[in-house]
Amino acid sequence: MTTAQRFAPNIELATALLPHVHDLTSDGSHDLSHLMRVWTNVQRITAREGGDLQVLTAATLLHDCVDVPKDSNQRAMASRLAADKATAILRDLNWPETRIDAAAHAITAHSFSANIAPQTLEAKILQDADRLDAIGHIGIARCLYVSGRLNRAIYDPDDPIGADRPLDELQFAMDHFQTKLLKLSAGFQTKTGQALAAERHQTVQSFFDGLMAEVTPQPS
């Protein structure tokens, strides 16, 4: 199976868009495998919720088409920049403006950092599909991978859970669990996304609780 075929039924569209995402970034948390996982999540949600699969194919493939590092001060602009680039790409494919706008809005609203509420079903589906990839087993793996790339420690050895200090996700991966990952499941948009998120949330919570139990100093 080719990469484009993984995006059936819109294989022709995927073939046209994949050159814009191949080898885009060296970040293994936002590579082609991430796009494939998001597409799998999109398909699971649309199977129950409906949605325009052509718009969602374009939005899935192009939602990270501008690479802004996690530690950049421009990170909150990443989804807007990706939407602008996607708009130009889809215009070159002679898409109608209404469908371009639909894909661009989904891309803009998918980002946690952008803090933009999704207004359409497709935007809600893409946001849910992308956030599902930030929790569960893959979410844990991605968080630790990114933390390693950014030279962040796993936890604070003096106060792992942050009981007596401000949480600092820029220093400790486990603080990021508390500031973001363990809160994500409360914000899902679709009923299907909510159900899938609840399952993955338990995985993240169990991992966090187990790690804290192992590393928290015990009273003598």
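Colleague: Leaving aside the neighbours within four places in sequence, which residues is G51 in contact with?

Modeller: In this predicted model, G51 is in contact with L121, E122 and I125, once its neighbours within four places in sequence are left aside.

Colleague: Where is the place of G51?

Modeller: G51 sits in the loop between α2 and α3, the latter covering residues 53–62.

Colleague: What separates the C-alpha atoms of G51 and H105?

Modeller: The separation is 14 Å, for two residues that stand 54 residues apart along the chain.

Colleague: Turning to α2 itself, at what angle do the axes of α2 and α9 cross?

Modeller: The crossing angle is roughly 135°, and the two axes come within 8 Å; helix α2 spans residues 32–49 and helix α9 residues 191–215. That angle makes α2 oblique to α9, because only angles over 145 degrees count as roughly antiparallel.

Colleague: Which residues make the contact?

Modeller: On α2 they are N41, R44, I45, R48 and E49, and on α9 they are K191, T192, G193, L196 and R200.

Colleague: How many residues of that contact are nonpolar, polar and charged?

Modeller: The contact of α2 with α9 has five charged residues, three polar ones and two nonpolar ones.

Colleague: Changing topic, how many salt bridges does a search of the whole structure find?

Modeller: The search finds six. One of them joins D175 and R165, with the closest N and O atoms 2.7 Å apart.

Colleague: Where do D175 and R165 lie?

Modeller: D175 belongs to helix α8 (residues 173–179), while R165 is in the loop between α7 (136–149) and α8, so the pair ties together parts that are 10 residues apart in sequence. Both D175 and R165 are buried.

Colleague: Which residues do salt bridges with shared partners join into one network?

Modeller: The network consists of R37, D133 and R142. Within this group, the side chains of R142 and D133 meet in a salt bridge at 3.3 Å, N to O, and both R142 and D133 are buried.

Colleague: What about E97 and R91: how do their side chains meet?

Modeller: They meet in a salt bridge, at 2.9 Å from N to O. E97 counts as partly exposed at 38% relative accessibility, and R91 is also partly exposed, with a relative accessible area of 45%.

Methods. Residues numbered from 1 in each chain as written. Predicted model: local features only at pLDDT ≥ 70, side-chain atom pairs only at ≥ 80, totals over all residues. Heavy atoms only, no water. Axes fitted to C-alpha atoms, helices over the stretch in contact; angles between N-to-C directions. Helix = DSSP H or I, 4+ residues; strand = E, 2+ residues; numbered from the N terminus. Parallel < 35°, antiparallel > 145°, perpendicular 65-115°, else oblique. Contact = heavy atoms within 4.5 Å. Nonpolar A, V, L, I, M, F, W, Y, C, P; charged D, E, K, R; others polar. Salt bridge = Lys/Arg side-chain N within 4 Å of Asp/Glu carboxyl O. Buried < 20%, exposed > 50% of the residue type's maximum accessible area, 1.4 Å probe, protein only.
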